[in-house]
Amino acid sequence: MPVVVFIIGTLALWVAYYFVRFGGLDHLRERSQQRKDAARRVRARESERTAPLRAIDDPRDAATVLMLLITRGGDPTPGQLSAIEETMRRVFGFDHDARDRLTHARFIASCAQNFEEAAGLFADLFRKQLNAEERRELVGMVEDIARIDGPSAIQTDNLAVLKRKVSLASA
């Protein structure tokens, strides 16, 4: 028993000596700071990636991005693109700049990781700027685009997420 106490005491003495003499506390602080910096860099990269999505302040542009993302794999077919463009002209009133807005929306859609992320970022915009009937119309437009190639299980799940995010879960 006294030998065990002597070994533990010696070990504790050397650990204390290391921390005092060789800067063990500084080393621990430095590692902690490195972890904090790494976490900060991850948050900054994520914020930078989603910045184009968060910059949208027009619900029509946000709806266009969602229509692009509801397509299978986020890669719309020519039929889906023409339907989206027709919706932009007919419903949103983008007669002259529909192509430019569609190109811009395709870039923004490429910044989204998936449909659910974009719907989550746009949900507050939709709830603040659209009334309940307009939100139903938005969901209907996105459903129409999903129906072009037949809605898959993933698209159906995404539509349910959209309804929930824009407070139309019971609709």
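Leaving aside neighbours within four places in sequence, which residues is alanine 62 in contact with? Select alanine 62 and you'll find Ile56, Phe122, Leu125 and Phe126, where contact means heavy atoms within 4.5 Å.

A quick note before moving on: this is a predicted model, so local features need pLDDT of at least 70 and side-chain atom pairs count only at pLDDT 80 or more, while totals for chains, interfaces and linings use all residues. Residues are numbered from 1 along each chain as its sequence is written, and side-chain values use heavy atoms, with hydrogens and water left out.

Stay on alanine 62, in helix H3 (helices are DSSP runs of H or I, at least four residues, numbered from the N terminus). Alanine 62 counts as buried because its relative accessibility is 0%; buried means under 20% relative accessible area, exposed over 50%, partly exposed in between, with a 1.4 Å probe and protein chains only. Now pick methionine 1 too: the two C-alpha atoms are 73 Å apart, for 61 residues along the chain.

Next, colour the largest nonpolar core, 37 residues (buried Ala, Val, Leu, Ile, Met, Phe, Trp, Tyr and Cys joined through side-chain atoms within 4.5 Å). Helices giving it two or more residues include H4 (78–90) and H8 (153–165), and H3 supplies the largest share, seven residues. Leu162 is among those with the most contacts inside this core. Zoom in there: not counting residues up to four places away in sequence, leucine 162 touches Leu66, Phe115, Ala119, Val139 and Val142.

Last stop: tyrosine 17 in helix H1 (residues 2–21). At 40% relative accessibility, tyrosine 17 counts as partly exposed.
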